[in-house]
Amino acid sequence: GAFHGRAPADLIGLRARATAGGYMTFHQTLDSAGAGTAGTDYQVPAGRQLIMGAIFFASAGAASSVVVGYGDDGVAQNNAAAPTAAVALMPAQSLVTGVASTTYAITVALKVPASKFPYFYSPSGSATGCLVVGILRNA
């Protein structure tokens, strides 16, 4: 699989949460070695590319939707404006939750270029949380 043979430092976990109409730059969760910058906007390192392999999401409401993308800068939780030069990596309705407070998972292959800030956007519905698992590879 895509993660086979990767060093722990290449595996990345990112998290974000936003209410309807809100944007948020993903924050890195701690990796197995305790490294990472949890609580700060995550930026793909120079010379690397982030490949998102799985997205997990849950919402307080049954009709929420989410978008994942990247931009040139970070934005705070529930920011009304998108990051500068935002690029959506999927259509808004591609992740519509069916049942409130249920965790859903999808397998993806979404690419975020070097030096970009991956973001989460909740265009409609209730507060929604999102976790992305991916790998870093040389660009």
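The legends below describe close-up views of a predicted model.

Residues are numbered from 1 along each chain as its sequence is written, and side-chain values use heavy atoms, with hydrogens and water left out. Because the model is predicted, local features need pLDDT of at least 70 and side-chain atom pairs count only at pLDDT 80 or more, whereas totals for chains, interfaces and linings use all residues.

**Figure 1. Overview of the predicted chain, with ten strands and zero helices.** From the N terminus on, the order of elements is β-β-β-β-β-β-β-β-β-β. Strands (E, at least two residues) and helices (H or I, at least four) are DSSP runs, numbered from the N terminus. Of the 139 residues, 40% count as buried; buried means under 20% relative accessible area, exposed over 50%, and partly exposed in between, with a 1.4 Å probe and protein chains only. The accessible surface comes to about 6300 Å², and carbon and sulfur atoms account for 57% of that surface. Accessible areas come from the Shrake-Rupley method with a 1.4 Å probe, and for residues only the protein chains shown count as cover.

**Figure 2. Strand β4 and its partners β10 and β8.** Strand β4 covers residues 48–59, and nine of its twelve residues are buried. Strands pair if DSSP finds at least two bridges between them. Eleven bridges connect β4 with β10 in the antiparallel sense, and here Q49 has R137 of β10 as its bridge partner. The pairing of β4 with β8 is likewise antiparallel and comprises seven bridges; in this pairing I55 stands opposite I106 of β8.

**Figure 3. Strand β9 between β2 and β5 in the list of pairings.** Six of the eight residues of β9 are buried, so this strand is largely enclosed by the rest of the structure. Strand β2 (residues 22–25) runs antiparallel to β9 and is joined to it by four bridges, with T25 having Y119 as its bridge partner. Strand β5 is also antiparallel to β9, over six bridges, and V67 has Y121 as its bridge partner in β9. In a regular strand the side chains alternate between the two faces of the sheet.

**Figure 4. The largest nonpolar core and the surroundings of F26.** A nonpolar core is a set of buried Ala, Val, Leu, Ile, Met, Phe, Trp, Tyr and Cys residues joined through side-chain atoms within 4.5 Å. The largest has 23 residues, and those with the most contacts inside it are F26, L50, M52 and I55. Strands β1, β4, β5, β8 and β10 (128–138) each supply at least two residues of this core. Leaving aside neighbours within four places in sequence, F26 is in contact with residues including L14, A16, Y42, V68, F120 and V132. A second, separate core of five residues includes Y23, V75, Y119 and Y121. In soluble globular proteins, nonpolar side chains tend to be buried together.

**Figure 5. The salt bridge between R48 and D10.** A salt bridge is a side-chain nitrogen of Lys or Arg within 4 Å of a carboxyl oxygen of Asp or Glu, and by this rule the count is two. In this pair the closest N and O atoms are 3.1 Å apart. R48 lies in β4 and D10 in the segment before β1 (11–18), so the bridge ties together parts that are 38 residues apart in sequence. D10 counts as buried, at 16% relative accessibility.

**Figure 6. The salt bridge between K116 and D72.** The closest N and O atoms of this pair are 2.4 Å apart. K116 lies in the loop between β8 (104–112) and β9 (117–124), and D72 in the loop between β5 (65–71) and β6 (87–88), so parts that are 44 residues apart in sequence are tied together. K116 is partly exposed at 23% relative accessibility, and D72 is partly exposed at 37%.

**Figure 7. Positive phi at N78 and S115.** Most residues other than glycine have a negative phi. N78, in the loop between β5 and β6, has a phi near 65 degrees and is partly exposed at 34% relative accessibility. S115, in the loop between β8 and β9, has a phi of about 70 degrees; S115 is partly exposed, with a relative accessible area of 34%.

Key
Contact means heavy atoms within 4.5 Å.
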